[in-house]
Amino acid sequence: MNQILPYVYYSLPWAFIIGLSIAAVAGIGVGLVWPRFLVYPYLAIYFCMNSTSYGNMAIFATRSIYSRGSGLLFFGLLLWYVLGAWACARVAASFQRYPAPECNLRPWFFGWFLLLVGHVGVSMMFDVPLKDSLSPQGFSNIIWMAPLISLILLSFRTREHVLELTHFILLLGLGRALFGLVRWAAFGGDPNNVYANMNAIKIRLTFFDINDSLVCTIAFAIAAVHLFQTVKIDRPKFWRGIEWATLIATGLCIVLSYRRSAWIGFLLAFLVIMMRFPIKRRIQLMTGGLPVVGAALAYVAVQRLTQTKGAGGGLSSLVYDMQSRRFGPESERVLELKFALADFLSKPITGIGSWGRYTGYQYISWQNNPDGGLFLHSGVLHVALKSGLLGTFLLIGTIAAFVLFARRALKTLPPELLGLATAGVAGIAFMIPDFLIGTPFPQVRTTQMLAICLALPYLAVAVAKVAPATKPVVKPFVPRPRLVAA
């Protein structure tokens with residue numbers, strides 16, 4: 001046995017390479033025939049796998065799946081996977097003469113790509129390593145949103161495919177919410193609890209990662225539209241039960257996340273959902289649902305903010321750490337934004353470069369690490385700092401193109417596709433607070449989740465055009481036979 005073991009160890013790398021090659025060939029074969037089956041595992045990872053260990057007191061933190069392979073390959077293996085899946089879907093669509101669905105975001109993402117190429121060229125002139133100019137801490141993650149959007153649009157081509165995707169999102173959202181609630185009730189909640197572990201606030205939370213609350217919001221939107229829209233869809237009782245369970249579990253999971261950005265984002269998403277209903281139904285749901293949601297949010301907000309040092313009373317306590325102080329030292333959140341704004345104003349056209357660090361980051365406690373100065377808590381200012389007014393223009397254009405398309409789309413979609421499209425718009429609305437005061441663009445999971453949200457309205461419209469809704473079959477009226485006296 002001892003003589004065989006060395007040969008086994010030596011053969012393991014070769015076995016891994018052979019197995020990986022077989023899996024790649026099989027994946028390409030599946031992707032050329034059924035490209036959507038390459039999308040489902042990719043979505044499942046982003047819906048279910050946490051992306052941060054911030055706030056975790058464990059001594060050894062495992063490396064995130066989203067950064068695997070990013071050393072030698074510059075980007076994570078998951079991003080190369082989505083690029084390969086897109087290539088398969090593109091080839092399959094060409095063989096089957098399936099035209100690429102309409103998407104007015106393509107020119108804007110092409111502009112982002114050209115801007116990144118320009119930054120890489122300038123960085124080479126200044127001897128900046130390629131891994132720094134392509135780093136996720138710049139704006140390269142925005143470019144990686146494009147392959148996922150295109151992959152989704154090319155992979156789901158019929159109403160049956162889209163309804164299958166809708167059910168998939170509902171089940172994953174419900175499962176993720178139940179996991180968070182059970183862990184919160186019986187196992188102490190999310191171990192990444194920055195409030196309890198670092199700020200001595202005695203609360204348990206369902207999920208600290210904002211993306212888990214985003215998953216719950218997407219599933220909540222689909223369930224709400226399906227349940228409360230005026231035009232009823234004939235669905236099995238099983239799916240109606242799943243929708244009710246999803247509505248309750250996901251809403252409760254978001255409330256118990258104890259994140260201010262999740263609370264405010266959920267209210268914005270709730271308003272987007274309400275706008276999909278006629279005025280009478282809207283008033284009914286607002287009077288019935290908003291007080292319940294508001295009371296729950298008020299209760300958990302009081303629980304958290306009364307234990308938070310520096311938070312006063314009233315609505316201003318929600319942004320206690322983002323306000324300038326008249327006396328004493330400035331809060332680190334405000335100090336970070338002031339430092340970054342000063343650097344942006346010094347180079348307003350081009351920014352400091354995708355690889356740049358803002359001046360004075362050493363004074364911020366959470367920037368005391370190898371990535372210090374490469375990111376800040378504002379998605380808008382992050383883009384402006386790294387890419388200047390050029391990137392800011394592209395960002396505004398991308399958002400405007402999506403908003404204009406979504407407004408038209410939500411007014412024309414049939415009932416069975418309206419839930420999925422509304423979920424995408426509600427997801428984007430949910431991320432507005434994180435977009436303003438969070439760190440969305442340096443995070444692979446966040447940007448890919450944003451890409452999923454962006455793709456859903458375009459997918460619903462594309463399928464509605466290719467396969468128009470079938471009208472219900474109306475049986476002709478046949479009078480019942482009557483007995484006539486002889």
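Of the 486 residues in the chain, 49% are buried. The model is predicted. Its secondary structure comprises 18 helices and zero strands. Among contacts with a separation of 6 or more, 75% join residues 24 or more positions apart.

The largest nonpolar core holds 124 residues. Those with the most contacts inside this core are L105, W112, I149, L165, I273 and L459. Helix 18, spanning residues 444–466, gives the most to the core, with 14 residues. Another core lies apart from it and has ten residues, among them A340, F344, L376 and L385.

I149 illustrates the packing in the 124-residue core. Neighbours within four places in sequence aside, I149 is in contact with C103, L105 and F109, and also with A451, L454 and A455. L105 is itself listed with I149 among the residues with the most contacts inside the core.

C453 is placed in helix 18. Its relative accessible area is 0%, and C453 therefore counts as buried, the cut-off being under 20%. With neighbours within four places in sequence left out, the contacts of C453 are L214, I218, F402, G424, G427 and I428. The C-alpha atom of C453 is separated by 6.7 Å from that of V425, although the two residues are 28 residues apart along the chain.

A bend of about 130 degrees is found in helix 15 at G388.

H119 belongs to helix 4, which runs over residues 106–125. Its relative accessible area is 9%, which is under 20%, so H119 is classed as buried. A polar atom of the H119 side chain lies 3.2 Å from the backbone nitrogen of S354. Neighbours within four places in sequence aside, H119 is in contact with F139, T350, G353, S354, W355, K386 and S387.

Conventions
Residues are numbered from 1 along each chain as its sequence is written. This is a predicted model: local features need pLDDT of at least 70, side-chain atom pairs count only at pLDDT 80 or more; totals for chains, interfaces and linings use all residues. Side-chain values use heavy atoms; hydrogens and water are left out. Helices (H or I, at least four residues) and strands (E, at least two) are DSSP runs, numbered from the N terminus. Buried means under 20% relative accessible area, exposed over 50%, partly exposed in between (1.4 Å probe, protein chains only). Contact means heavy atoms within 4.5 Å. The bend at a residue is the angle between axes fitted to the seven residues ending there and the seven starting there. A nonpolar core is a set of buried Ala, Val, Leu, Ile, Met, Phe, Trp, Tyr and Cys residues joined through side-chain atoms within 4.5 Å. A polar contact is a pair of N or O atoms within 3.5 Å; within protein, one must be able to donate a hydrogen and the other to accept it, and residues adjacent in sequence count only if both atoms are side-chain atoms.
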